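Good morning, everyone. Please take a look at the sequence and the model on the screen. I will walk you through them.

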Amino acid sequence: MSISKILNSLEKSWERDDILSNLKKGLGTEEIVNEFLVKNEKQIKELNSLLRPEDIDLLNQVEQLSTCESKLINEIKNLNYLKNNENHQILNHKNIASSNRFSFNKISSFMINWSNKFVVIALLTISAIALSKQAWA
């Protein structure tokens, strides 16, 4: 079997929606990865036997890219957490006289949280596209 066929098969086995669903159910990342390895052991061994040294270098680069993206997501999450804490402290210390002002703050807070989630989703999508292109290269 060729590398591209094996990668396509493994990609189909690694459904992101299923992974997210398993995470929401409380499964740990190691548990999910181990289950994937067991289910796809034959294909992974075959892929491993077909890999050349330059392919290993590419895998190392993809791993570094994933680590960078993970750190970026963590930093964005931490910034959002700090910003939300600051917003909550400011709201707690001020008396809001007008209900219109209160509604504006709720809308503003909603937009800040929504835009951060959008950035994370965009980063994950870009990452998935980049990884797919590298796998096909």
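Among contacts between residues at least 6 apart in sequence, what percentage join residues at least 24 apart? The figure is 75%. Keep in mind that this is a predicted model.

Let's start with the overall make-up. The protein has 137 residues. Its secondary structure comes to 6 helices and 0 strands. Read from the N terminus, the order of elements is α-α-α-α-α-α.

Now the surface. The accessible surface comes to about 11000 Å². Carbon and sulfur atoms account for 59% of that. And how many residues count as buried? The share is 13% of the 137 residues.

Next, charge pairs. Side chains of opposite charge can pair when their charged atoms come close. How many salt bridges does a search of the whole structure find? The search finds 4. I will show you some of them.

Go to helix 3, residues 29-39. Here Lys39 forms a salt bridge with Glu35. The closest N and O atoms are 3.1 Å apart. Glu35 is partly exposed, at 36%.

Now a linked set. Arg52 meets Glu54 with an N to O distance of 3.3 Å. Arg52 also meets Asp55, and there the N to O distance is 3.2 Å.

Look at the exposure of each member. Arg52 is partly exposed, with a relative accessible area of 45%. Glu54 is partly exposed, with 45% relative accessibility. Is Asp55 buried or exposed? Asp55 is buried, because its relative accessible area is 14% and the cut-off for buried is under 20%.

Stay with Asp55 for a moment. Asp55 sits in helix 5, which covers residues 53-93. What does Asp55 touch, if we leave out residues up to four places away in sequence? The contacts are Ile3 and Leu50.

On to surface patches. First, a charged one. Which residues gather in a patch of negative charge on the surface? They are Glu11, Glu15, Asp17 and Asp18. Find Glu15 on your screen. Glu15 lies in the loop between helix 1, residues 3-13, and helix 2, residues 16-24. Glu15 is partly exposed, with a relative accessible area of 37%. Patch members need over 30% relative accessible area, so Glu15 passes that cut-off with its 37%.

Then a nonpolar one. Trp14, Val33 and Leu37 make a nonpolar surface patch of about 240 Å². Where is Leu37? Leu37 lies in helix 3. Leu37 counts as partly exposed, at 39% relative accessibility.

A quick recap. The predicted model has 6 helices and 0 strands. Thank you.

Methods
Residues are numbered from 1 along each chain as its sequence is written. This is a predicted model: local features need pLDDT of at least 70, side-chain atom pairs count only at pLDDT 80 or more; totals for chains, interfaces and linings use all residues. Side-chain values use heavy atoms; hydrogens and water are left out. Patches are made of residues with over 30% relative accessible area and no salt bridge: like charges are joined within 9 Å, nonpolar side chains (Val, Leu, Ile, Met, Phe, Trp, Tyr) within 5 Å. Accessible areas come from the Shrake-Rupley method with a 1.4 Å probe; for residues, only the protein chains shown count as cover. A salt bridge is a side-chain nitrogen of Lys or Arg within 4 Å of a carboxyl oxygen of Asp or Glu. Lys and Arg count as positive and Asp and Glu as negative; His and the chain ends are not counted. The place of a charge is taken as NZ of Lys, CZ of Arg, CG of Asp or CD of Glu. Helices (H or I, at least four residues) and strands (E, at least two) are DSSP runs, numbered from the N terminus. Buried means under 20% relative accessible area, exposed over 50%, partly exposed in between (1.4 Å probe, protein chains only). Contact means heavy atoms within 4.5 Å.
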